[in-house]
Amino acid sequence: MTAMAPILAEPPELKRFNGQQRAAALMLALGQDHGAPIWSQLSTDEVKELSSTIASLGRVPAQVVEHLLVQFTGEIASMSTMHGSYETTERLLAGILPGEKVKEIMEDIRGPSGRTMWDKLSNVSETVLAGALKHEYPQTVAVILTKLRPDHSARVLAELPRDFSVDVVMRMLRMETVQKDVINQVEQTLKAEFMTNLSRSQKRDPHEAMAELFNSLDRSTEEAMLNALDNKAPESAERIRALMFTFEDLGNLLPTAIAAIVRSADKRQMALALKGAPDSLKTLFFGAMTERAAKLLREDMAGMGPVRARDCEEAQSALVRLAKDLADRGEILLVDPKSDDAMII
């Protein structure tokens, strides 16, 4: 840890630049070649706003530029995986593509993953696929099953009505080389009807929505609800816990993310939140401050005297909401320790 201290140390001049100016300086430093992939992901309004900031940026000290580049590469290098969502993907595409194109892409990617239509079908549950194919002509089903992985075709056959599946097998046995235009026609029909309907029928995991709701509950209500679910639906309770991002999870953030939270937080609220925090979290937050700021915060905490646990929990929830807001704006990366250290943007 000692070796990393110089890398994470902020130059004093950095305080003169707000988040948008830092982003502008970083993009200016990356230049045309290295920055092009990032520019291509921005909306027209974001490009205009960032360009305007660059134009009025003025002189940026070399140590500030160096720190921003090291911070950027350090955060990227520390990521093991990226975890997005349909909603963030759709917002991203909407800024750079026409609406109809975005709709087409989203309908495609919301379906099972795969490079080709046959890859995608091989990732559809055999029960779902058999339920759709049993209404097709046996010859069409025979063509489709010959294009799927043998193991998946076998599971689909087992789900089809017995007489229907035997008819399909007989047609597969008698099938000669299928003309390419027939394959293309079947593929287009599947894409236009089955896959689109499948993607529309897929709903967001209700556990994700419930985890977001539970994140907004006070601690006592949250624990009472989860304990009740432990008795009635233990698997759902475990899934919700795994998806929640709590105050304790802030302890897994990068030091640069903690520093951003410290800069943006209401100081009294932060003092109240840390008043009831584990010592490890207190140390982490104090380490992101100057020595003087940490001393003042400790004095504020000591001067509060006894405080209600409920007030501490509310302040902690507010810090979690702040962290999520900063992540939504792209200013920090939130680490979800329950998902193999995946990064949520």
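In which hand does α16 cross α20? The crossing of α16 past α20 is right-handed. The model is predicted: local features need pLDDT of at least 70, side-chain atom pairs count only at pLDDT 80 or more, and totals for chains, interfaces and linings use all residues. Residues are numbered from 1 along each chain as its sequence is written, and side-chain values use heavy atoms, with hydrogens and water left out.

**View 1. Overview of the protein.** The protein has 20 helices and 3 strands. Helices (H or I, at least four residues) and strands (E, at least two) are DSSP runs numbered from the N terminus. Of the 345 residues, 32% are buried; buried means under 20% relative accessible area, exposed over 50%, and partly exposed in between, with a 1.4 Å probe and protein chains only. Among contacts between residues at least 6 apart in sequence, 71% join residues at least 24 apart. Contact means heavy atoms within 4.5 Å.

**View 2. Helix α16 against helix α20.** Helix α16 (residues 255-264) packs on helix α20 (residues 309-328) at about 115°, and the axes are 10 Å apart. α16 is therefore roughly perpendicular to α20. Axes are lines fitted to C-alpha atoms, for helices over the stretch in contact, and angles run from 0 to 180 degrees between N-to-C directions. Angles under 35 degrees count as roughly parallel, over 145 as roughly antiparallel, 65 to 115 as roughly perpendicular and the rest as oblique. A crossing is right-handed if the near helix is turned clockwise from the far one by less than a right angle, and left-handed if anticlockwise. From α16, A260, I261 and S264 meet L319, L322, A323 and L326 of α20. By class, this contact of α16 with α20 has 6 nonpolar, 1 polar and no charged residues. Ala, Val, Leu, Ile, Met, Phe, Trp, Tyr, Cys and Pro count as nonpolar, Asp, Glu, Lys and Arg as charged, and the others, Gly among them, as polar.

**View 3. The largest nonpolar core.** A nonpolar core is a set of buried Ala, Val, Leu, Ile, Met, Phe, Trp, Tyr and Cys residues joined through side-chain atoms within 4.5 Å. The largest one has 33 residues, of which F247, L250, I261, M270, F285 and L319 touch the most other members. At least two residues of this core come from each of α16, α17 (267-275), α18 (279-287), α19 (291-303) and α20. α20 gives the largest share, 8 residues. Leaving aside neighbours within four places in sequence, L250 contacts F245, I258, I261, L281, L284, F285, L319 and A323. A second, separate core of 16 residues includes L129, V141, V156 and L160.

**View 4. Helix α17 against helix α19.** The two helices pack at an angle of about 65°, with axes 9 Å apart. α17 is thus roughly perpendicular to α19, and their crossing is right-handed. K267, M270, A271, L274 and K275 of α17 meet L297, D300 and M301 of α19. This contact has 5 nonpolar, no polar and 3 charged residues.

**View 5. Helix α9 against helix α11.** Helix α9 (residues 138-147) and helix α11 (residues 162-174) pack at about 65°, with their axes 8 Å apart. In α9, P138, Q139, V141, A142, L145 and T146 meet F164, D167, V168, R171 and M172 in α11. The contact of α9 with α11 divides into 7 nonpolar, 2 polar and 2 charged residues.
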